[in-house]
Structure formats: C-alpha cells, structure tokens
Amino acid sequence: MAAKENKGSYVISRSSNTRMASFIKRIFVKIHSAVNSWERNHSLCRRKSLHRDVEQEELQHANTNCLSSYYSVFVARLAIMVMLAILIGLLTLLTWHFTKVYTRTSLNALAYGLRYELLQRPVLRMWSVLNSTVEITTAQVKISEYVMRKYDKPENQAQQVELYEVMRDVTWALFASHRALNSITIKYKNGFVQAFHRDPRDNSTYYIYNDLTNYTMAGPYEVNASSSHQGWNDQTIRSNISAIWYREPLDPDTGEKIGKQKAIAPDELINIAGISQVPYGAASWHVAVSKFTNSPLLSAAMPVRDASQESIVAVVGVTTSLYSVGQLMKELVGFHSGHIYLTSQEGWLLATSSTTPLLTNTSTGPKLMMAVDSQDPVIQTGAKWLLKAYGNKPPPSHEVHIEHAKLGNQLYYIDSFFLNLKRLPMVGVLIIPRKYIMGKVDERAFKTLMILISASVCILVIGCVCIFVLTNGVSKEMKLRAELISHLDARRKAEASSNFKSQFLANMSHELRTPMAAVIGLLDILISDECLTDEQHETISQIRRCSTALLRLLNNILDISKVESGKLVLEEADFDMGRELEGLVDMLSVQCKNHNVETIIDLSDDMPKVVQGDSARVVQIFANLISNSIKFTTSGYIILRGWCEDPHSFVENGNFSLTRKALWPGPKNKLIQQKSQEKSSCKKDNRVILWFEVDDTGCGIDPSKWESVFESFEQADPSTTRLHGGTGLGLCIVRTLVNKMGGEIRVVKKNGPGTLMQLYLLLGTSEDIPLENYKLKYADHNLKVVLALNGSMCRINLSKWLSKIGVHTWDACEWNELTHILQELFIPPSRYTQNLTYECSKVESISKQEMEASVFIIVVDIGMLNLSTDIWKEQLNFLDIFYRSAKFAWVLNHDTSNTIKIELHNRGHMLVVNEPLYKTKMIHIIEAAIKERSISLRHGILGGDTHELLEIDNVHSDPESSNDSEKSELNSSSTGIVQVELTRRTLSSSNYGIVNNCFLEPTEVSSGRNKSGPNEPFPVAVNGGSSQEKRMTSNGQKSLEGVRILLAEDTPILQRVATIMLEKMGATVVVVGDGVQAVEALQNPMESGTTTQTKMQDPPQYDLILMDCQMPKMDGYEATKAIRRAEMGTRLHIPIVALTAHAMSSDEAKCLEVGMDAYLTKPIDCKLMVSTILSLTKLQPNSLIISSIK
Amino acid sequence: MAAVSQLQRQFVDYTTSLYNEEYLDDQFTQLQKLQDESNPDFVVEVVSLFFEDSEKLLNNLATALQQTSVDYKQVDSHVHQFKGSSSSIGAKRVTNVCVHFRNFCEEKNLDGCLRCLQQVKHEYILVRTKLEALFRLEQQILQAGGSVPVME
C-alpha cells in the first residue's frame, strides 16, 4: 500500500522534476565549478574518458564555452537524479512516519487503558482485601462487644468459660464464613488468646489458644476474668510468652475438633494482635509476615470496648493473606503479559505476579523483601530503574507512566499507581514489555520501512536509468554541438589566421617590393656607370639578376595574397588584346632566345581588336603561362594561339579541330546563359569568349598532375624547383585570374611532347569593330612576299596566313634556299627586274601601270646570314642586287650586334623589326612597303631621308608595343629614331605604368635606360629620389622656379603648409578645395580660382597637380579619373601626384591605378615632394618640344 | 638683455622638451623653417588653423559617436582628416592616437573609439596648451626685443 502510494507520488514528482530542471540547472551551473571536482570523482568510467577527451580539447582550444555547456548537462542530469532521490526518500520517510505515528498514538492510547486496567485490578483487589479484612474485623469486634456485654462481669469461672465458648463459636462462624481469612485472633485483657488459623500449606485449620498460668488447672476454656480489669501492660503481654500455647486441628468445614490438642512453642505461634497494635484505640492494620505462609499478610487490629465504651476489653486481630492479590496478578499477567508488583510506600514488596518468594528468611524469621531485592530479574531491574529515575523522591502522585524503559535488553512500559490507604499507602507497579503491546506494530513498521526503502531504491534506480537514457540523447546532441562549435571556432580561427597571413603578406610584400625597386633602380644606375671594372660589372649584373628574381617572387606573393585576401578587383577598361599579347611575346622571346626556342603568337583575324577587361591581369595570365613554358622548353617552339568564339557568328576556324572544342562544352552554355541574363537586364554589352592555347614542346606534365598544377605551391615535379626554381605560385595565380574573368583553364592532351594549356576568357567588347579584311585591303596591291626565316613554325604560320589573305609567298629556311628563290624570282624573267626598277624611283622612271602591278617584300631573318665569319657582308652584297627590285625587311635578334645594324642602316635597309615576327609586324611591313611605294610614286625625286624617317616612325608608333628594350641599342646608334622613341615613350607613359606593373619582369623591360621614371612601375618619388635630390640641392632653394602647381586639398592647414612650401621653392600655387573645383580649374582656367596669379597662356595651365585623395564632393581618385577622361584624345598628360594620409600599400596601388603618376604621404616631406615634382615636370618640356615638332 | 637670453634659453629648453616628449616632430621644424619675412606669423597661423579645424572635428566625432547607430565610415573619415592635419603640423602624439582610432573604426569597436576619442581630446588639449605656451614665450622674447632662436 505504501509502495503504491509512493509510485503515485513518483509520477507526480517526475513531472515536477522536469519543470524544476531548468531552474535547478541554473543554480547548478553557478555552483558547478565547486561541484566539478566532486563530479569528476563520481563520474563513471565512460564519463571519465569523455572528460579526458574534453580536457584534451580544452588544452588545445581553451574552449571553456563548450566545456561549460558540456558540464552543465552532467550537472543538470545529476541534479535531476539527486532531486529524485531526495523526493523519493522524503516520501518514503513521511509515509512510514505517518503510518507509524498514527498507529502508535492509537495503540498507545489503547495500551494506556490496558495498563491502567491491569494495574487497577490488583489494586482494587488489594483494596477489597483490605476492606473485607477491616469489615471482618469490625464485625468481629461488634459481635465480641455484644457477647462480652452479655457476659459482663462474670461471676464465676464457668461464666467466664462460657463466655470464651461463645466467643469461640462466634469467631469460628465468622472465620468459617470468610475463607480468605488467614486468621482471627482475640486477645483478652487478661491475656487469654483465642485464635483460628488456616494454614495454607496443608490447607488445615487450627484453633489456637493459650493456657495462662493461673488458668492452667481450670481447663482450656477458663479465662481469668479478674484480670480483665487490670490494665494492659507489657508485662502481661510478655507473660504470654511464658504461657503455654495449644493448637487444635479443626475440620475446615464444620469446625469440629479432629485431632488432639498440641502444645506448640511460642515461636511457632501466629501473630496475635495485642494492645500495642491499637495504640489509639482505633482500628489499625499493617503488613505482617508469618512463617506459615510465604506471602505477606495483612493484619488488621481493632479494640473491643466494654459497654461503657471506656476500656478496651479485648483486641481482635484479623489477618488476611495477600496471596490472593498475587494470584490475581499472576492471572492477569498470565493472560496478558509482563509483571505487576505491589509495594508499600517504603518499597517493601507486598505482592508480585511472579512466583518468586516475597519473603526472606532471616535468623529472626521471615521478613519482607524490598522490591529491588526481588529475585525476579524484571521486577528487580524495574524497581532499580525506578529508583534510579526517581530516587527516594517519587513524583507527588506516585503515578508514573514510562514508555521506554530499557530493562536488560528489552524495552518495557512502566506504570505505577499510588493507593493511598491510611497507615498503609501502597504503590502498584506494572511492567509490561513493549513487545507485548507494540511488538507487532514495531515489527510491521520495520517491515514497512524496509519495503518502502527497497521500493524507493528500486524506483530511484529505474528513475535514474530513465533520466540517463532520456538525457543521453540531449547530452549527445550537446556533445555534437560542442564539437561543432569547436570545429567552427577552429575553422574561423584558421580562416582568420589565413586571412591575417594574406593581409600581412599583401602589406609586407609591398613594403618589400618598394625597396627592391629602389635597389634595382640603383643597380641600373650603377651598371650604366662607365668606370666600373669588368669584374664589378659582372658582380653587379649578378646582383641585378638576383634582385629581379627576388622581385618576381615578391610580385607573385603579392598577387596570390591579394587574391586570397579578396582585394583583387578586376578593372573594366578597353584595351587592345592583340597589342598587349604581342608586346608580351616580344618581351618574353628575349628569354626564349637563350634556349633556342621559337616564340610564336598566332591570333586569328576574327579576334576583336578592342576588348574590355583588366589588361594588366590578362597580360599577367599569359606572361605566367608563357614564362612557365619557356622554363620547361629547351628546344622547339612555344605558340600562343588565340581565336574568338562569338556566339552570334560562330565561325569555324580551320586551325583547330572540332574535337578540341567538344571537350569544352561549358563556356558556350555559360555564355548563352549569361546572354539571357543580360538580355533581361537590357544590357547592350557584348561578351565574347576568347580562346587561347599555349602550346610548347617542353617536358610536359604528367596527366595525373593536370589538375594539381593549378594549386598553390604545387609543382608538377618536385625536382623542378632544383632545376628551374620558382615558387609554384604562377599557375595558381593564373587559374584564379582566369576564373575571375569568367573563364577556365586546363591542361589538354597533346600529340607529341610538351604541354598544351587551353583557356578561355569571357571578356566584353564595347562596340562591334568591323574586322579588317586584309584580303580585300591588300588584294589590289598584288603583294608578293618571300619569307626567309629560321624558325619553321613561325614561317609556316605566317605563310599560311599570308596565303589566306591572298598574298603570294615563298618560304626559305636557309640562305641557299633564299638565294635560289630570289634568283628564280628576279633574275630570269625580265619583267620582275623591270618592276623592281619601277619601284625605285631614283634610278629609272617606269610606267605607272607596271608599278602598280606588284609589291615585292623580302623578309630576312638576320640569323640567315652567317654572322660567325665575315661572310655576312658578302651575303648583304648579294642581297643588294635585289634592293631595288624588292623591299627588304630585316628581322633582328635582340643580340644582333651594332655593327650589323649600322651596316644595314648604311646600306639603306631601314625596315627592321625585332624578333619574333608576327602578324601585326608583318602587316606593318607590308603597309610600310605599300606606303613607301606610294610616296615614292607621289614625290618622285625627293630625297629618301625624310620619308624614311616618317616610315619608320609610323611603323613604330602604331604598335606601341613594349619591345623598346631590344630596340634601345639600335636607337642609340641611329640618331634619327631617338626622338621618335622619346615621343612614343611620353605618349604611352600614361598607361605604361599600369601595363608594366603586371609584367613578370617589369624592370627588365625598362632596364638600363630610364632613370627619369615614367616607365617605372613604382612611384617616381621612390625610384628617382636620389638623383633628383642632388639636382635640387645644387639648384638651391628655388628649384621649382616657374612650375605651376594646382593644389587640390580640403584641409586648410595642409593647404597653407603646402602652399608655403611650394612657394618657397619658387613654384606658383593655385589652391582649390575639392575635386570638383580641381576639374573645373583645369577645364575653365579663367573662371576657376581667384587666387590664380599667373596667366594661363599655354594649353596645359598647370605643370602638375597635387591631389589630396580624401576630399569632400569629389575625392582625389574621382577627380583624377575625370581629368584623365578629359585628356583622352588629346596629347596632354598632366602629372598628378596623390597626396594622402593613407600609408597602406593598397592606396598607393589605387592611386596609380586611377591614373596618378606618383604619390606622397602626409605629412609632406619637403625634399621628397620637390624631387617628385621635378621628376615629373622636367620631362614635360621634352615631350612638348616633340609634340610641337610633330 | 640678460632677461632676453634667459627667455631664449627657456624657449630652447621648452621646445627641446616638446620634441623629446614627442609632442612635436620634424614637421613642426619644417613649418618653422617655412616662416620668413613674407610670412612672419606663418606658424601661428597654421597652428591656429589646426586648432579651429580640430575643435570642429572633435565635435563632429563626439556627435558621430553618440549616434545610436554609429556611422563608422564617417567617423573614419573624420579621424583621417584629423590625422592628416595633426601630422601636418607635427603633433605627433595626436597623430599616433589617430592611427589607433582608425584601427578601432575598422574593427567597429565602439568602446575603443570612445576611449580613443577621449585620448585624442586629451592629447589635443595637451598639445594646444603646449603650443600656446610656446607662442607666448615667443611673444615675450619678441617683446623683449630678442629674436626667436632657431631650432635645429
């Protein structure tokens, strides 16, 4: 029943537990640190291992957050369990307690009643015994008085005897009628005693009398009457002792004498009540003992008075055995249990429920026993306990109720009652073993407790298991979540650190690159120094090469970190793809030559001339790819092929097989998708897919590495680092850039050795430029070309193309072949010679019809000539024969010696191009030839010098390629070209910086030549600083004399400072407050600044602009862009110097990107500023001169 | 004359202490060098321009940072401007605090920004008092008929 109740409450407690859980959780989380150690000790093995794991993780990440949440689960779980345990325990205890308490109280009440009843009964019996004794005594006294009054004053012996006879009969009647009586005695005044006595031992009745001395002769019934008037004295009583006592056995029923009288010894005598026992003449009683019975006797005594009520004539004594009380007690105890005893107030034992004797035999006869001396151990200990508890001072009412008295090993109830009788106060004590009353209850309670405890333990265990099972899911989830969090954290950290790394690199490499540029620049100065010894020169060149390599590495790192840190933004600007690529090939072919490798660029005619995109990045892609190819190609060729795939007009190009395109299904779909998107957004922008291939005959890449080569720091073969060096970043950059441009790159299977990289780019074309149809253009010129080139691939490509556009070609791969062709062409048929003479107007005048017939061009590779010996001069002489009949174009190497160049120049071969020869150069050659012919036709006799210059100028200014380094040596010798070169340089300087910036080897291009700066990829301030500074100091303070400067700056302080600084240097300064004003000031010089002090005469009103980057309305970048836009189409280029408080590298790059020429950081360093301004402005006069000449 | 030389020595000491404690840097020297007969009060002029500008900027900054949603871009541009102007007169410590300030701006750390604003205010007031004291000293020297010593 209790268990059931428990179960019910358990269900309730469960529901409340869940509600409490959150609350508990909160509390427990707070104290969980304190609990931690305890919990650790208590956790299971499994949990321990988990802890270990967690601790390890903690060591790794110090991830307290997830750990605490992890602990909190355990704490919560533990808390729930503990709460459950407490609840169940409480319930159990309460249930047990209440059931026990209620039972006990009711039982106690019952027990109290019982005990009271039990004790009351012997007491009542005692009382009744006393009463009956007293009654009998009284009755005896009354009868005696009556009888004695009748025989008052006996005259004779007979009367006296008769009196005694009557008394005897009367007494017997009384005695017989009360069977409980032990004895009745009558002691007369004269000392005669009559007594009846029952001996309980043998159940016999005796009549006892004494024989006084004076009545010895008179017989047994004679009483000395004379002495009846005498006073009671001790002597008479004592004389009794000397008297002879007789005892007669009687029939208990009839009182008939059944035996002979016997004399008995006085000590055999029963107690005879005497006068001493009624000292006050009133009834009295006391407890006596006799040797005839082993129970104490209650004896009452009463005086018998005479008629006058004055004197006592006899004393009646009645003794009643207390045996019956003991008997009753025994009965009670036998029926119930326990022990009862009755004592006098002093502690004398009167009656007990036990069978142990109540009297002790002493030498003087039996005596009463104290309760504490009782032989019954229970009574004895009980009495002792009471004595100990209350001592000699019992409680006032003598009523004691003790429920837990420990006697021996058992618990007892002890109750006592006080019976206050006059002269004989009595105390009744009841000792009941607790077991008797409470035994069953206690047993049951104990059993119940046991059952409850075991039940609750079971429930607790089941509950805990349930909780564990239920929360296990949660904790698992928590664990997973914690792991996830830690993983996320770790990933975030890793990303952050990677980002930091990238950013750091982005910043650092720039910082590194700047001094590197300075180092290289200074080395260039040093190399150009004449007074170096050969050894020094060698060393410096070595340093120069190393620096270049280092710079390349830095550039790579900068690029990759820029891409990684997401800073790379592609610009959208129009650029001539073909020109950029040709320039690149020109540049890289220099490297190729060392390897005896041909570099060929083969762009199909359908490629749009102008595309939109980030030219620098496009060039970088190909620079990386081609230089990579160069690195791994020792012989053979490297071809850069390019063609266009326009989704509108998809023209199948003959050069490329369909299968290759089939490999790439992606781009077209992609493009079409994009198209549709664009259409929906109403963009008119055209996008084209430009396909490129970089084909080389190098060592090739293992097919398994085709993908991984594009990963960063990956190289196809680990040994390449040893052989070729490099960081393995190149291809990674390429792929990133290609992907950024919406394209893809991959390695394609190739027939034969080498690698074939295919990529496409998605670039915009702003407008549809009509493709030049060379076929139509040259059709009417009747062109004939002899290609005498060493490189077979190049030759084949060109001749293919030329024949495609309808130009007749002859190929020659060596000198002998060339001579054969030439001889075949020119010598036998006279028509050709005639044509040739027509062409050269100086010699002969030829009819116009024939002149128009055809144009002969002979393209000769300088390598055709035998340069190792002096035979080449002979060969030139041979060719001179045909000089008049054909136009010669020479293809020079970058290492062609000056003597040959001078020789060629002297012989009038003005049409020279550098290797590699490609389509555009070919077109220029053809156009130059056509032009020359038309000019010569027009001017007839005019001298060649002027137009030759013009021709070459045209040739060179148009391509605007970056192959000037190769030409530089030539230029230095041929004075006529120098000016042109200069012009070109200044013209292209605006975009030059950007282009070169992205080249792999920017300084190599412009090496050894320009100290003045505009070709340098870096701010002039850095590079040109040293030399400029010298100039300034030598010129003194007024180094900026006459320079007009527009200062765009919004901060008044800086305005003021800069103005003063510049004015001190002699410059004229005009200040404007923001970008808008700056642009306006340039456009409308008259309306702008009122502070203008100089007259605006020349078209460029200012020599230089100092532009703050952060300004209200229009910032420096925007203003610069606006200015550059305005300049577009004119030949003007105002140098703009950025002025910024940004010290970040990206800002510098940004400045240069928008078209600024240099940049200065705030605070302005006077010297640096002056040198920068000087370096930018001192160039200007040259360019102005040239432009004016032109 | 003794008074003048004493003042001059005091001026030199004071200026040196300013440089040593990095209140000022070479830029200030440059400013002083720019001052000549044609611009006799150039330094004072520029510095007072700086004061005006700074007061305005600091107010702007304070209001910008009190907004519920702080426009960090704006704050950044203010700080940038402040950095530019302070570096132009060579108030190095102000400039340095500005650099920190900008970092906090980038992190969008409002606490840091507010702390930096306090710092920059503090530094600004410091440098202002220092400069004003310097100018007073200069005035005293000029009134006493001496010439302001040129710092190297």
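**Salt bridges and their surroundings**

Modeller: Over all chains, the structure holds 18 salt bridges. A salt bridge is a side-chain nitrogen of Lys or Arg within 4 Å of a carboxyl oxygen of Asp or Glu. The model is predicted, so local features need pLDDT of at least 70 and side-chain atom pairs count only at pLDDT 80 or more, while totals for chains, interfaces and linings use all residues. Residues are numbered from 1 along each chain as written, chains are lettered from A and ligands numbered from 1 in written order, and side-chain values use heavy atoms, without hydrogens or water.

Start with Arg544(A) and Asp524(A). Their side chains meet at 2.4 Å, N to O. Arg544(A) sits in helix α9 (residues 534–564) of chain A and Asp524(A) in helix α8 (residues 434–527) of chain A, so this pair ties together parts 20 residues apart in sequence. Helices (H or I, at least four residues) and strands (E, at least two) are DSSP runs, numbered from the N terminus. Both Arg544(A) and Asp524(A) are buried. Buried means under 20% relative accessible area, exposed over 50%, and partly exposed in between (1.4 Å probe, protein chains only).

Next comes Lys750(A) with Asp695(A), a salt bridge at 2.6 Å, N to O. Lys750(A) is in the loop between β21 (744–748) and β22 (756–765) of chain A, and Asp695(A) is in strand β20 (residues 686–696) of chain A, so the pair links parts 55 residues apart in sequence. Lys750(A) and Asp695(A) are both buried.

Asp53(B) and Lys56(B) meet at 3.7 Å, N to O. They are three residues apart in helix α3 (residues 42–66) of chain B, which means about one helical turn separates them. Asp53(B) has 4% relative accessibility, so it counts as buried. Salt bridges also form a network: shared partners join Arg641(A), Glu693(A), Asp695(A) and Lys750(A).

What about the boundary between the chains? The count of salt bridges between chain A and chain B is zero. Even so, 18 residues of chain A are in contact (heavy atoms within 4.5 Å) with 24 residues of chain B. About 1800 Å² is buried between them, and carbon and sulfur atoms give 62% of this. Buried area is the accessible area (1.4 Å probe) that two parts lose on being put together, summed over both. On the chain A side, Ile1053(A), Arg1056(A) and Lys1064(A) lose the most area to chain B, together 31% of what that side buries. Helix α30 (residues 1052–1064) of chain A supplies the largest share of that side, eight residues.

Now the nonpolar packing. A nonpolar core is a set of buried Ala, Val, Leu, Ile, Met, Phe, Trp, Tyr and Cys residues joined through side-chain atoms within 4.5 Å. The largest has 73 residues, and Phe101(B) and Leu131(B) touch the most other members. α3(B) gives the most to this core, with 13 residues. Apart from neighbours within four places in sequence, Leu131(B) is in contact with Leu24(B), Phe28(B), Val47(B), Phe51(B) and Ile89(B). A second, separate core of 48 residues includes Leu584(A), Val694(A), Val709(A) and Leu729(A). In soluble globular proteins, nonpolar side chains tend to be buried together.
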